Amino acid sequence: MTAEIVNVPPPRVEADPSALSTPPPPAVERPWRALLLRCVLVPLIVLAPLVTLTPSADHRFNVYANGGLYAGNPWLLVRNAFSTVPTFLDLGNFRPLGRIVEWSLDVVVFALTALFGLPANIGLRLVSFVSAILLTVAAVVFAAAVTSRRERLFSAPPPVPVALLPFAVGTGLVAAGWSSTTVLFGALYLATSALVLAVAAWACRSRRPGVLVVLAGAGIAAFNELALLAVPLATAAVLIRGRVVLGRSPFRGPSARFLVLLWAGFLPVILPVRAIIYLRCADGGCYSGSDLAPVGAPAALPGRMLAWLPPLMWPQAAHGFPRVTAAIPLLALVALAVLAWRAVRGLRRLPTLDQGQTYGLAAVALVLLILGASIAALNAEVQRFHLGLGWRDSGLTTVAGSILLLVFVRRHLMVALAVLVLAGTVSTAANKDFRDRADRGQWPFLHDRIAQEVADFDPTPAGDARRCALRAAFRQTSAHNSRSQTVNQREVRRFDVSLNRATVQLAGRRFCSTAPR
């Protein structure tokens with residue numbers, strides 16, 4: 001007898017209705033991505049009214065001169081930066097690497113004109129806006145690096161003060177006078193401020209420091225005066241973080257080795273350079289932007305430590321309280337409010353700083369504020385500034401002050417965020433008022449027209465006639481601005497050289513055919 005084995009399918013199992021109704025798991029939150037978005041958008045919103053601000057001082061010529069010279073010959077950047085070191089040492093400064101960056105930024109602005117027909121005044125502001133974004137990102141990374149105890153910096157959500165930092169930094173981006181970094185050489189000095197913060201963050205989080213750190217120290221010494229603050233700030237950040245935040249000896253571990261290597265690269269360059277500058281400039285007559293006046297520094301230091309406060313900068317930008325009821329500030333209010341509302345949803349779920357982290361971050365921020373204010377207080381020109389006027393230190397002091405304001409915020413987070421949104425709106429209004437005042441008169445119109453003629457070069461005789469008329473108007477403007485009521489031939493010559501370089505590079509023709517060669 002044979003038995004047949006039959007495979008019987010298993011009985012059908014009905015689906016559990018409760019399982020079908022279970023909601024899908026919530027999407028993974030990305031607080032760092034949202035924070036990065038705020039780092040990009042908040043500075044853009046506050047600075048947007050300055051996008052058409054007329055170039056001033058050396059910016060009137062440098063974009064055209066450096067863009068026309070180096071756009072087609074980029075290798076000349078390095079050669080000229082180092083071949084002119086003796087000349088600039090006689091003038092009192094040593095910035096070969098900083099000069100390469102400065103000229104490269106001019107080439108970027110010039111490239112925007114060549115590729116997209118964008119006038120230089122607009123391209124100049126857009127590049128400075130990018131530097132402001134870099135500064136805001138660097139501020140967030142710096143604060144996170146000082147406070148984090150984890151092996152991986154971004155493995156945990158950012159603390160509340162770090163999450164609010166873009167709103168505070170953006171509020172401080174005010175056009176507080178023509179020497180402010182938001183107006184004059186903003187791309188260079190805001191990027192330099194970001195570099196200072198990035199080096200300090202690197203020092204706190206370094207794992208295997210090596211030769212690259214030595215080269216970084218030497219490079220900082222050859223960058224510019226503001227960049228020199230990176231070395232003492234990194235030292236303070238490592239020592240304070242090790243003792244206060246981590247609770248261990250700060251003289252051991254990779255961060256301590258990082259400091260040794262950083263100073264080993266920094267000192268052999270900066271000491272002989274500063275000695276040479278002192279010998280050549282002790283009697284005065286050197287470049288005023290690099291000149292040191294230690295006698296008046298103690299009196300100027302308290303003012304520079306407060307000059308970053310937005311309520312002090314607003315009157316300097318607007319010549320009074322800014323007009324917040326205009327259309328642009330109201331649009332800024334809406335945009336900032338939307339960003340704040342998106343931040344509110346996850347703000348209460350973010351971690352807060354414990355006592356060690358709070359005191360450590362506050363101490364490092366205070367050191368940063370003192371360093372930034374000190375380098376400004378040592379300058380003879382800045383010592384004559386009114387309270388609230390901006391200078392090259394404004395980027396660093398704004399970050400330091402913002403951290404000090406936010407680090408102790410534990411309660412009433414919604415109120416703090418609302419205050420930052422309103423303050424950012426007033427800063428936007430102040431920037432608009434500054435731009436409106438700056439656009440009055442013949443001089444802004446003249447340089448805006450020059451930028452447009454270079455961007456949209458017309459090779460016809462009519463175009464040449466327009467450009468020659470602009471050159472004649474520049475001669476008249478130069479004579480009008482001269483105290484002796486005579487034409488400043490040096491400035492006119494600089495005008496001709498700069499504009500000719502630009503138009504020959506862009507269109508193969510001189511700016512004005514009747515100008516002297």
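Biologist: At what angle do helix α16 and helix α17 pack?

Modeller: This is a predicted model. In it, α16 (residues 355–377) and α17 (residues 394–406) pack at about 150°. Their axes are 8 Å apart.

Biologist: So are α16 and α17 roughly parallel or antiparallel to each other?

Modeller: Roughly antiparallel. Angles over 145 degrees count that way. The crossing of α16 past α17 is left-handed.

Biologist: Which residues make the contact?

Modeller: On α16, they include Leu361, Ala365, Leu368 and Leu369. On α17, Val399, Ala400, Ile403 and Leu404 are among them.

Biologist: How many are nonpolar, polar or charged?

Modeller: Twelve are nonpolar and two are polar. None is charged.

Biologist: Switching to the core. Which residues in the largest nonpolar core touch the most other members?

Modeller: Phe142, Leu197, Leu233 and Ile450. That core has 130 residues.

Biologist: Which helix gives the most to this core?

Modeller: Helix α7, residues 120–147. It gives 14 residues.

Biologist: What is Leu233 in contact with, leaving aside neighbours within four places in sequence?

Modeller: Phe142, Val196, Leu197, Ala200, Val364, Leu368 and Leu371. Leu368 is also part of the α16 contact with α17.

Biologist: New topic. Where does Asn500 lie?

Modeller: In helix α21, residues 489–507.

Biologist: Does Asn500 count as buried or exposed, and why?

Modeller: Buried, because its relative accessibility is 17% and buried means under 20%.

Biologist: And which residues is Asn500 in contact with, beyond four places in sequence?

Modeller: Arg510, Phe511 and Cys512.

How values were computed
Residues are numbered from 1 along each chain as its sequence is written. This is a predicted model: local features need pLDDT of at least 70, side-chain atom pairs count only at pLDDT 80 or more; totals for chains, interfaces and linings use all residues. Side-chain values use heavy atoms; hydrogens and water are left out. Axes are lines fitted to C-alpha atoms, for helices over the stretch in contact, and angles run from 0 to 180 degrees between N-to-C directions. Helices (H or I, at least four residues) and strands (E, at least two) are DSSP runs, numbered from the N terminus. Angles under 35 degrees count as roughly parallel, over 145 as roughly antiparallel, 65 to 115 as roughly perpendicular and the rest as oblique. A crossing is left-handed if the near helix is turned anticlockwise from the far one by less than a right angle, and right-handed if clockwise. Contact means heavy atoms within 4.5 Å. Ala, Val, Leu, Ile, Met, Phe, Trp, Tyr, Cys and Pro count as nonpolar, Asp, Glu, Lys and Arg as charged, and the others, Gly among them, as polar. A nonpolar core is a set of buried Ala, Val, Leu, Ile, Met, Phe, Trp, Tyr and Cys residues joined through side-chain atoms within 4.5 Å. Buried means under 20% relative accessible area, exposed over 50%, partly exposed in between (1.4 Å probe, protein chains only).
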